[in-house]
Amino acid sequence: MRNLIWLGLVLGCIASGAAAAPGDEQNSVQAPSTDTGHTGGLFADSSFEAASGVDYSSGHYGAPIDTTVWSIPLDLKAQIGRLRLQATLPYEFIKGPGQLVGGVVVLTPGTTTTATSRSGFGDLNLSATYLLTRENGILPAIEVGGGIKTPTAKTGIGTGEADYAATASLYKTLAPRVILFGSVGYSWLGSPSAYRLKNGVVASGGLNYRPASNQNYGVSLSYREPVADGLKGQTIVSPYMTYRVSKLWGVTLYGMGGLNDASPRIGGGLRLSIFG
């Protein structure tokens, strides 16, 4: 559920009327993998955003019992011309045998399948995205970005290793109120001493409908290649809506459903944002 993949991640501004850029794809466990679902249309006229709320996900992830993750994130974003900077730090509540690895829940080798509980700060995610070209005629808007997950989470919540990601994103207006968005990238996962993780491709896409300047509705589909041997790739579908209540405040709601047993079976979340 992190966002913040939609993970998740990942991956928010609107450039020349285009949708916001994808968030950090490493965070797909805790939020949709694109920021179109978080802040698209909400912070188009803002240079700064601070957001918090709650994220939830639950799934088997190949184990006989569920791993449930509750997360309270703090998201900070700043837009400086074509450059967007973002930092996310969550406080995690995890129950079950799974562990967060690159935004995906996996089983740590040697662990039991008992529903153990632990909590604490998760990994700090930092990312930067740059708008290369604005949408022009048949040409889409193009953004490129990169991110790093710093290992601030304690054992049992994170891997204790740094992860890295790079992403390219496209945005194209299909109709006056409809935008098609998509991204593709690659993530490099640091492996702990107990087991080896696999680097892999991350991708997402979807449609955003904007009936009014303060509203967005849409759906995204995200995929990440398997992070470890014996696992399937994670595939998540996520409907969302955003609503700007006033010049200073906005709210986002999203749902999440996995399309295989490597993904969260169900999830969702709420964000409250303040803009500057």
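**Strands, burial and salt bridges**

Analyst: Ser57 stands opposite Gly267 in strand 15. This is a predicted model, in which local features need pLDDT of at least 70 and side-chain atom pairs count only at pLDDT 80 or more, whereas totals for chains, interfaces and linings use all residues. Residues are numbered from 1 along each chain as its sequence is written, and side-chain values use heavy atoms, with hydrogens and water left out.

User: How many helices and strands are there in the protein chain?

Analyst: Helices (H or I, at least four residues) and strands (E, at least two) are DSSP runs, numbered from the N terminus. By that reading the protein chain has zero helices and 15 strands.

User: Which strands are joined to strand 15, and by how many bridges?

Analyst: Two strands pair if DSSP finds at least two bridges between them. Strand 1 (residues 48–59) runs antiparallel to strand 15 (residues 266–275), with ten bridges joining them, and strand 14 (residues 249–258) is also antiparallel to strand 15, through eight bridges. Within the latter pairing, Tyr254 has Gly269 as its bridge partner.

User: What share of the residues counts as buried?

Analyst: Buried means under 20% relative accessible area, exposed over 50%, and partly exposed in between, with a 1.4 Å probe and protein chains only. Of the 276 residues of the protein chain, 53% fall in the buried class.

User: How many salt bridges are there, and where does Lys149 take part?

Analyst: A salt bridge is a side-chain nitrogen of Lys or Arg within 4 Å of a carboxyl oxygen of Asp or Glu, and the count by this rule comes to eight. Lys149 forms one with Asp123, the closest N and O atoms being 3.5 Å apart; Asp123 sits in the loop between strand 6 (117–121) and strand 7 (124–133), and Lys149, 26 residues apart from it, in strand 8 (residues 141–150). Lys149 also forms a salt bridge with Asp163, at 3.1 Å between the closest N and O atoms, and this pair links strand 8 to strand 9 (residues 163–175). Asp123 and Lys149 are both buried, and so is Asp163.

User: Why does the salt bridge of Asp229 and Lys198 tie together parts that are apart in sequence?

Analyst: Their side chains meet at 3.6 Å, N to O. Asp229 lies in the loop between strand 12 (215–224) and strand 13 (234–244) and Lys198 in the loop between strand 10 (178–189) and strand 11 (200–212), so the pair ties together parts 31 residues apart in sequence. Asp229 is exposed, with a relative accessible area of 65%, while Lys198 is partly exposed at 34%.
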